[in-house]
Every structure is written in structure tokens, then in C-alpha cells.
Amino acid sequence: MSIKVHYFASLKESIGRSKDELIFTEPLTVYDVWQQANPDKDRPNQILAAVNMDYADWDNPVSDGDVVAFFPPVTGG
Amino acid sequence: MAVTICTHPFNPYEVLQAYEATHLHALGAIGATSLFIGTMRDFNDGDHVKGMTLEHYPGMTEKQLDKILIEAQNQWALIDSLVVHRVGDIFPKEPIVLVAVWSSHRGDAFDASRFIMEALKSKAPFWKKELLLNEQERWVAKNSHGYQSS
């Protein structure tokens with residue numbers, strides 16, 4: 001299955017890219033997506049996750065075609 | 001109910017007037033309009049700030065703001081609500097956000113306005129990067145608490 005991954009703000013800068021596209025054969029969670037996309041990086045503290053533009057927990061499952069996003073705490077307004 | 005993301009400076013009073021003229025036809029039922037405008041300060045964390053860039057997650061931002069307005073509509077007796085938020089390069093004194101709430105009675109307008117603003121601050125995916133006087137750039141790490149004085 002194919003998963004799109006987006007990164008935003010300071011996380012995007014520290015990782016050095018804004019997106020990934022990953023192909024998986026096994027069922028996986030949001031945390032698995034992070035690990036597969038960033039095998040050499042521990043999950044940063046306070047980073048939030050979203051699946052299909054809704055906030056998600058790190059143990060939420062992801063499905064084929066899902067868009068996963070990782071980003072720091074929001075600071076709008 | 002409307003959410004608008006603006007890439008250019010906006011005049012919140014003109015936006016408000018235009019919205020009322022085009023969307024609010026039952027003006028006789030409105031007894032209270034609550035208006036919140038957030039503008040950019042020229043200081044933060046003890047430093048002068050000369051500008052900032054507001055990044056957002058297109059699509060998720062609108063989705064989360066829509067959910068916040070629907071939650072407010074469900075919780076209070078509102079006639080209508082509106083959020084306008086800037087993105088891109090912003091300078092001190094420019095409006096960042098407009099929250100307007102219309103209701104028949106003031107309690108609903110006041111309380112829903114505060115709820116919308118605090119929910120926006122914690123859930124809408126925007127991120128501020130400040131430009132200081134010495135040209136140094138820094139990401140704002142987190143928003144201040146809305147119910148404390150600083």
C-alpha cells in the first residue's frame with residue numbers, strides 16, 4: 001500500500017524535506033510510518049501526527065492511500 | 001459559517017461589513033456580535049520582532065477550523081460565525097486573525113468567541129516563524145496560555 005507523508009514547520013527544516021511517499025506490504029501504524037520514513041531519527045518530543053487531516057494517535061492504523069502528517073505544536077492565532 | 005485563509009493583508013472591519021451584507025439577512029434576530037481581532041506584536045519573549053512568516057497545512061487548517069465552528073454552533077445558540085486567518089509574510093500591526101460570532105444574546109456570542117479562539121490556538125495547524133531585528137529567525141515553540149495574563 002502507498003502512504004504519503006508530509007512534514008511542516010521546524011520539523012520540515014530539521015528533517016530537510018517536506019514529504020515522502022512510502023510503499024508498504026504489512027499493516028502499519030502512524031508510529032511505523034515515522035520509523036520507516038526516518039529510520040535514523042528517534043521520534044522527536046512533542047511532535048503531533050495527523051491522518052487524512054485529522055489528529056491521530058501514534059498507534060492509530062493507517063490504510064492504503066492515507067496521507068500522514070507530522071508537525072510541531074501549532075502556534076497560530 | 002465561514003473560514004477563510006488569507007495570503008494578503010486584510011482589513012477585518014471591511015471583511016466583517018462585507019460578510020454581514022452578503023450572508024446575514026436576518027439581522028433583526030441578532031442581538032449580539034462578538035468580534036476578536038488578533039494583530040501582530042513587535043515584540044515576543046523579550047525581543048523586538050520585525051516580521052514573521054505564518055506557515056499552515058492547507059486543507060487540514062480549513063478542516064479543523066470548520067470542526068471548531070461546528071462545535072461552537074452545537075454548544076451555543078449562534079446565528080453565524082466567521083474565522084479569517086492570515087498566512088505568509090506578516091508585519092507588526094497587521095491583523096492575523098478575525099473571529100466574529102453573531103447571536104441573539106451576548107452570553108452566547110462572548111463565550112463562543114472565546115471558545116473558538118482558544119480552540120484555534122491549540123488545534124488549527126499554523127506555525128509562526130519570527131524574524132528578529134538582528135535578522136535571526138526562530139520558530140515560535142508554543143502558544144501562550146489564553147487564560148493567563150502573559
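## Burial and the model

A residue counts as buried if 20 or more other C-beta atoms lie within 10 Å of its own C-beta atom. By that test, buried residues make up 30% of the 77 residues in chain A. In chain B, the share is 31% of 150 residues. This is a predicted model.

## Chain A: overall build

Chain A holds two helices and seven strands. Read from the N terminus, its elements run β-α-β-β-α-β-β-β-β. The C-alpha trace spans about 40 × 25 × 20 Å along its principal axes.

How does the radius of gyration of chain A agree with that of a compact globule? For 77 residues, a compact globule would have a radius of gyration near 11 Å, and chain A has 12 Å, which agrees. Contacts also reach along the sequence. Of the contacts in chain A with a separation of 6 or more, 54% join residues 24 or more positions apart.

Strand β4 of chain A covers residues 48-51, and strand β7 of chain A covers residues 67-71. The two run antiparallel and are joined by four bridges. One pair can be picked out: A:A50 in β4(A) has A:A69 in β7(A) as its bridge partner.

β4(A) also pairs with strand β5 of chain A, residues 54-56. This pairing is antiparallel too, over three bridges. Here the bridge partner of A:V51 is A:D54 in β5(A). The hairpin of β4(A) and β5(A) has two residues between the strands. In this hairpin A:N52 takes a positive phi near 50 degrees.

A:A69 sits in strand β7 of chain A. Is A:A69 buried or exposed? A residue needs 20 or more other C-beta atoms within 10 Å to be buried. A:A69 has 25, so A:A69 is buried.

What does A:A69 touch, leaving out residues up to four places away in sequence? Its contacts in chain A are A:H6, A:F8, A:A49 and A:A50. In chain B they are B:Y57 and B:M60. A:A69 and A:Y31 are 38 residues apart in sequence, and their C-alpha atoms are 11 Å apart in space.

A:V68 is in contact with A:I3, A:V5, A:V30, A:V33, A:A49, A:V51 and A:V62, leaving aside neighbours within four places in sequence.

## Chain B: overall build

Chain B has three helices and nine strands. From the N terminus on, they run β-α-β-β-β-α-β-β-β-α-β-β. Chain B has a radius of gyration of 16 Å, close to the 15 Å that the globule rule gives for 150 residues, so chain B is as compact as a globular protein of that length.

Along the principal axes, the C-alpha atoms of chain B fill a box of roughly 55 × 30 × 30 Å. Among its contacts with a separation of 6 or more, 76% are between residues 24 or more positions apart.

Four strands of chain B form an open sheet, in the order β1-β5-β7-β2, with mixed pairing. The edge strands are β1 (2-6) and β2 (32-39), each pairing on one side only. Neighbouring strands are turned by 10 degrees against each other on average, direction ignored.

β1(B) and β5(B), residues 78-86, run parallel and are joined by five bridges. B:C6 stands opposite B:R86 in β5(B). Helix α2(B) packs on the sheet and touches β1 and β5 of chain B. The direction of α2(B) makes about 155 degrees with that of β5(B). Helix α3(B) packs on the sheet as well, touching β2, β5 and β7 of chain B. Its direction makes about 145 degrees with that of β7(B).

## Where the chains meet

How many residues of chain B are in contact with chain A? There are 24, and they contact 13 residues of chain A. On the chain B side, β4 (47-56), α2 (60-75), β7 (95-103), α3 (106-123) and β8 (126-132) each supply at least two residues. α3(B) gives the most, with five. By type, the chain B side divides into 13 nonpolar, five polar and six charged residues.

The largest nonpolar core has 47 residues. Those touching the most other members are A:F8, A:V68, A:A69, A:F71, B:V83, B:V101 and B:I116. β7(B) gives the most to this core, with seven residues.

How values were computed:
Residues numbered from 1 in each chain as written. Chains lettered and ligands numbered in written order. Predicted model: local features only at pLDDT ≥ 70, side-chain atom pairs only at ≥ 80, totals over all residues. Contact = placed C-beta atoms within 7 Å. Nonpolar A, V, L, I, M, F, W, Y, C, P; charged D, E, K, R; others polar. Pairing = 2+ DSSP bridges. Axes fitted to C-alpha atoms, helices over the stretch in contact; angles between N-to-C directions. Rg over C-alpha atoms; globule rule 2.2 N^0.38 Å. Buried ≥ 20, exposed ≤ 12 C-beta atoms within 10 Å, placed from the backbone. Core = buried A, V, L, I, M, F, W, Y, C linked by C-beta atoms within 7 Å.
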